[in-house]
2 protein chains.
Amino acid sequence: VIDVGGETLILTHDMIAEGVHYLPATDPADVAWKLVAVNLSDLAAKGAEPIGLLIGASLTADSAAFVEGLRAVLIEYGVPLLGGDTVSPAGEAMFGCTAIGRATHRPVPLRSGAKPGDALWVTGTIGLALLGFRTAKDGADGDPASYLRPVPRLAEGRALAPHVRAMMDVSDGLLLDARRMAEASGCTIDIALGSIPFPAGLDSADRLAAASWGDDYELLFAAPADFEPPVRATRVGTVLPAGPEPLLLDGASPPDRLGYEHE
Amino acid sequence: VIDVGGETLILTHDMIAEGVHYLPATDPADVAWKLVAVNLSDLAAKGAEPIGLLIGASLTADSAAFVEGLRAVLIEYGVPLLGGDTVSPAGEAMFGCTAIGRATHRPVPLRSGAKPGDALWVTGTIGLALLGFRTAKDGADGDPASYLRPVPRLAEGRALAPHVRAMMDVSDGLLLDARRMAEASGCTIDIALGSIPFPAGLDSADRLAAASWGDDYELLFAAPADFEPPVRATRVGTVLPAGPEPLLLDGASPPDRLGYEHE
């Protein structure tokens with residue numbers, strides 16, 4: 001977040017790597033989509049309007065498909081490509097994206113602003129990415145698009161930014177990201193597992209897996225208890241004064257592994 | 001180049017990859033330095049003042065050395081790290097850097113503004129990087145720092161920006177980059193090989209190699225014939241009306257391979 005000439009700019013940089021963030025057999029067009037979408041999701045969580053992108057790409061035989069997917073996502077979100085660079089690597093493919101956006105509301109919502117007494121909300125549905133991953137990997141029932149082509153919640157982020165006390169996108173799992181919000185805010189967050197908006201058809205045994213699975217790219221936000229969100233969102237928890245643990249699940253200690261921990 | 005709230009911002013993104021842009025045995029601290037320096041050099045060529053950087057890094061066993069080199073170059077140029085991402089790849093290391101800067105003069109100098117009658121100049125010395133590469137690779141006489149730790153010409157770029165008609169950094173070789181300036185400007189550029197500021201001790205047989213070797217990161221600029229640069233620079237050529245070839249060397253066709261052509 002930087003201030004330039006009276007505007008507040010948001011800059012994000014996320015990478016995705018073959019074998020780490022996506023299956024090697026993934027269509028390069030889907031890789032391009034996801035690379036851009038995850039960065040736009042970071043802007044969405046700040047209530048920012050995208051200005052443009054820069055892409056660093058390791059291009060190999062499938063570069064035409066990558067470029068086609070890149071074009072599709074840029075058109076979908078109306079974002080210009082401002083620059084970039086390519087290399088031809090010997091090993092696994094790797095891609096980086098910098099997104100730059102303009103804050104639509106100041107102060108820019110951070111993950112650190114949640115206050116005891118706030119309600120915790122999440123947009124959309126949590127678990128579609130898990131089902132989509134299984135479909136992409138094993139051909140299980142489901143829509144792989146939820147995993148392969150996530151949708152950044154740009155309009156929702158802009159609508160919420162003036163009202164929330166803390167906001168972030170759910171990239172590494174609802175539980176892990178909620179714990180991060182609690183830690184950054186110096187609070188404890190208590191999540192009610194039964195209130196999480198899981199997709200219809202999710203086996204009850206999979207609920208904890210879905211709450212610990214990333215890639216949904218929904219927005220998680222804390223807001224005063226009487227706030228009614230102007231977008232489709234579900235109340236999933238409560239912000240409490242800091243207790244011995246930053247995250248509670250139904251009032252008790254959560255399992256050890258909450259989500260996708262980066263190296 | 002984007003306009004935001006009355007300011008003009010310059011954004012650049014360059015990648016460097018193991019085995020492509022540097023030798024696998026290179027100290028990760030030098031890799032970090034070069035990654036940042038080549039991006040700052042792009043800002044220098046636009047007369048921009050750096051605002052900050054975002055880094056995408058594949059970190060492996062040597063990540064402490066990379067971080068140390070990164071810290072050194074950020075301190076050297078007084079540039080803050082605004083964000084970034086890391087991955088642990090299975091294959092070759094790869095790094096990306098986005099630099100953002102503020103234009104100090106508008107219009108921002110581009111490579112496309114050279115006009116017939118302009119003089120072509122280059123800052124500093126051309127060929128130190130070639131000698132440094134040989135030292136790094138084979139232990140030949142020379143200073144490997146010129147190759148491993150290039151110096152972005154930020155102050156020179158800011159001093160020149162108000163006066164030049166076209167400017168770019170010499171990243172892929174003086175001759176190749178001069179041809180690109182000629183093509184972008186719709187002109188022909190004639191370079192006098194004997195006028196190029198080669199380092200003392202460069203064998204005359206190596207002069208063409210040095211003029212075709214990248215990595216010097218000096219600034220190449222075209223300016224009206226009567227302009228006297230306020231920085232150390234050498235006049236190396238003349239801008240002519242467009243002829244059958246965009247680049248001439250001593251008035252004649254240059255060799256086929258002019259420099260480092262990206263894939």
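## Exercises on aromatic rings

Ring pairs join Phe133(A), Tyr147(A) and Trp213(A) into a cluster. This is a predicted model, in which local features need pLDDT of at least 70, side-chain atom pairs count only at pLDDT 80 or more, and totals for chains, interfaces and linings use all residues. Residues are numbered from 1 along each chain as its sequence is written, chains are lettered from A in the order in which they are written, and side-chain values use heavy atoms, without hydrogens and water.

**Exercise 1.** Find how many aromatic pairs there are over all chains, then describe Phe133(A) and Tyr147(A).

Solution. Rings of Phe, Tyr and Trp (its six-membered ring) pair if their centres lie within 6.5 Å; planes under 30 degrees apart count as stacked, over 60 as edge-to-face and the rest as tilted. By this rule there are ten aromatic pairs over all chains. For Phe133(A) and Tyr147(A), the centres are 5.1 Å apart and the planes 75 degrees, an edge-to-face pair. Phe133(A) lies in helix α3 (residues 128-138) of chain A and Tyr147(A) in helix α4 (residues 145-148) of chain A, so the pair ties together parts 14 residues apart in sequence. Here helices are DSSP runs (H or I, at least four residues), numbered from the N terminus.

**Exercise 2.** Are Phe133(A) and Tyr147(A) buried or exposed?

Solution. Both Phe133(A) and Tyr147(A) are buried (under 20% relative accessible area; exposed is over 50%, partly exposed in between, with a 1.4 Å probe and protein chains only).

**Exercise 3.** Classify the pair of Trp33(B) and Tyr77(B).

Solution. The ring centres of Trp33(B) and Tyr77(B) are 5.9 Å apart and the planes stand at 65 degrees, so the pair is edge-to-face.

Notes
Helices (H or I, at least four residues) and strands (E, at least two) are DSSP runs, numbered from the N terminus.
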